[in-house]
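Please look over the structure shown here before reading on.

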Amino acid sequence: MSTRTKAFVNFYAAIGTLQTYAALDDNAKALAAKQDIAVRFKVKDGPDGVLVFKGGAVKALPYSEGTKTNIVLNCSSNEKFNDLVDGKGAAVIPSKGFFKLGFMLNKQSAFNVLTAEMAALMRKKEFADDKEMRLSTLLAFNAMIAALVQIGNVDDIGRMSAARIAAGDIGIEITGECACTIRVTKQDGDTKLEYIAEKSPSPRAQMIFDSIGTAKGVIDGKLDAMYCISTGKIAMLGFIPMLDNLNKILNLVPKYLA
Amino acid sequence: MKINKYDNSRKLMERAIKVIPSGVYGHLGPAEGCMIPVAAFPNFAARAEGTYFWDVDGNKYIDYMCAYGPNVLGYNDPDVDAAAREQLSKMNCVTLPGEAMIDFAELLTNLTKKDWTFFCKNGGDVTLYSSMIARYYTGKKKMIFVNGYYHGVAPWSQKADHPGTLYDDCKNSLYVEFNDLEGLKKIIAENKDDIAGLISTPYMHGNFQDNITPAEGYWPAVRKLCTENGIVLIIDDIRCGFRLDLSGSDHYYGFEADLICFCKALANGYNVSALCGKEFLRGAAGSIMYTGSYWMSAEPFAAGIACIKKLVANDACAHFKRIGTMLCDGLVKMAKKKGVNLKASGEPAMFYLTLKDDDSEYLHQQWVAECVKRGLWLTNHHNHFINLAMNEDTVKETLEIAAEAMDAMIANNPQVYKKK
Ligand SMILES: Cc1ncc(COP(=O)(O)O)c(C=O)c1O
């Protein structure tokens, strides 16, 4: 496992899943709405991203020149950033926004409450009701896909697999629940994976889970993917080498999303 | 036409999945076998004869996968089975090998114009052995692979991201494209004095891609480069062997390999593989301790002798080419009439099919599924095989099913195939 890849996974999948949480859950949305802020996480030799809270919606985006930010948090290494995300409270040095630091430091800030609630929800084994189980599964599903994309872009072995994925959209779907897209593009011999939280208009390959139960089983490691394919619980269609190589990256996800 | 039902297959799959990982793992299973959608395919076979097999629900198939190659004469060939039975009545797996091993080695050594033959069981056994011989003989570590290759499942022949393979397993692997002489020269120059061998199939019959035959002059040029640079030239003829040329596919394409690997068509389904080699590698081959529990069993040797003799007596490769060409021409023409762009590539004896009307293979997968549901076994991702039991009538029967299946696929995709 590489610390650098872990940092990207931490920003875009661990923190980034707040985006899905706020979109799917009304309470989360209300909490998120309490904050109107753009926080840049600038990690040396690692992710440089912005977490935006606006009108109850959350977004985790790569930083680009000119993006408006209220706080800039500098991390001197990927290791320190990973410790921070893991709650080991490593030092961050704000270069901007000293007065808004409560966002990170105050345990009751919307950011901290949301992340803690989301993590607990994803870890949960027994659920109050079906709704909670669905939410937990969809969050974990989203985190898995978001992590996969980062691993394919950053991890050495992941990049090897990504390089062999043909350009185009891969559609991933849980029947009747959610659909998302991994967009694969090629430029100057480099392959980039991008996670889009919407159904692709023209996927070249598709992986379709027949139910939320199947998705949950696979995420929890209780159902093995080959079993699901053999019994039709997961359908794969279209240009299969794209999925074969994607699955190799998927195999690396549990190492990063413990 | 009757549309197949698979109730018994599904019941067996339910049992299998409890005691066998994936239910059916590997290339005969739904995942690796690209059974898309799984609902269109059966899971288990009950019997086979000639070029047909029947599944456990009694559905009959014309089988163009030929067990992925081994069915070269027709299933249950009476001559091969009789030879095997006769050998079994005497001995099979014993503390010493029988004479059949020498008989078979003599037959193959002469036929392939090499100097010795070494037997194992699977294709992967001999490809691995060939790389060990190349490394031991040259004292060098690197192996050149041709992208799109498949030489078996062992880590040395996988890519570093393959589950169960280590990054270090692939540290000495170099990769070139098929037909790319300039790329090969560059790799050789960059790794001078480090390359033990080059392993390649005689033409590019990789999965999920139009198959590519060698460009004019490609193989003689590769041969020359290998000789000049002390690189052992290994031909993996596991899939093509005895389907293009009974002397081996190196002869078919006008060059000579140093080592050549055979398996699938050797014994019509009896379990044996073989490595044939040139004199200068005999010592290295003999020095490496390489063996297996069943490698010298007599029954497959007897079957192999009967199989090869029958292939020779029937000028089998000419038959494969003739029937394969007739079939491919027929399929492409039939599709064209319906406004469908179907492409056949590779050698006719081992034709590869793709429907070119989208870039995602959905339409191709749908057509293949409709074929299977009607008793024509094709795959959507792999080359096919011709056997000696196929004839003009088989082709006719195939074209009828393929046409009806294509109509069904067209009807299901009105947005692509607008009514003329
Ligand atoms: C070209 C080629 N090489 C090697 C192998 C491996 O042979 P086996 O599966 O018998 O180990 C195969 C099997 O499909 C093959 O097609």
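The face of helix 2 of chain B that is turned away from its buried side carries the exposed residues B:Pro78, B:Arg85, B:Ser89 and B:Lys90, where buried means under 20% relative accessible area, exposed over 50% and partly exposed in between (1.4 Å probe, protein chains only). Helices (H or I, at least four residues) and strands (E, at least two) are DSSP runs numbered from the N terminus. The model is a predicted one, in which local features need pLDDT of at least 70 and side-chain atom pairs count only at pLDDT 80 or more, while totals for chains, interfaces and linings use all residues. Residues are numbered from 1 along each chain as its sequence is written, chains are lettered from A and ligands numbered from 1 in the order in which they are written, and side-chain values use heavy atoms, with hydrogens and water left out.

On the buried side of helix 2 of chain B are B:Val80, B:Asp81, B:Ala84 and B:Gln87. They lie on the same side of the helix because they cover an arc of only 125° around the axis, the arc being that of the directions from the helix axis to the C-beta atoms. These buried residues pack against helix 3 (100-111) and helix 9 (298-313) of chain B, with contact meaning heavy atoms within 4.5 Å.

Elsewhere in chain B, B:Ser130 belongs to helix 4 (residues 123-138) and is buried, with a relative accessible area of 0%. Not counting residues up to four places away in sequence, B:Ser130 touches B:Ile199, B:Ile234, B:Leu259, B:Cys261 and B:Leu275.

The structure holds 32 salt bridges over all chains, a salt bridge being a side-chain nitrogen of Lys or Arg within 4 Å of a carboxyl oxygen of Asp or Glu. Three of them are listed here.

| Pair | Closest N and O atoms |
|---|---|
| B:Asp359 and A:Arg204 | 3.5 Å |
| B:Lys185 and B:Glu182 | 3.3 Å |
| B:Lys343 and B:Asp210 | 3.4 Å |

The pair of B:Asp359 and A:Arg204 crosses between chains; B:Asp359 is partly exposed, with a relative accessible area of 48%, whereas A:Arg204 is buried, at 18%. B:Lys185 and B:Glu182 both lie in helix 5 (residues 181-190) of chain B, three residues apart, about one turn of the helix. B:Lys343 lies in strand 11 (residues 342-345) of chain B and B:Asp210 in the loop between strand 7 (195-200) and helix 6 (218-228) of chain B, so this pair ties together parts that are 133 residues apart in sequence.
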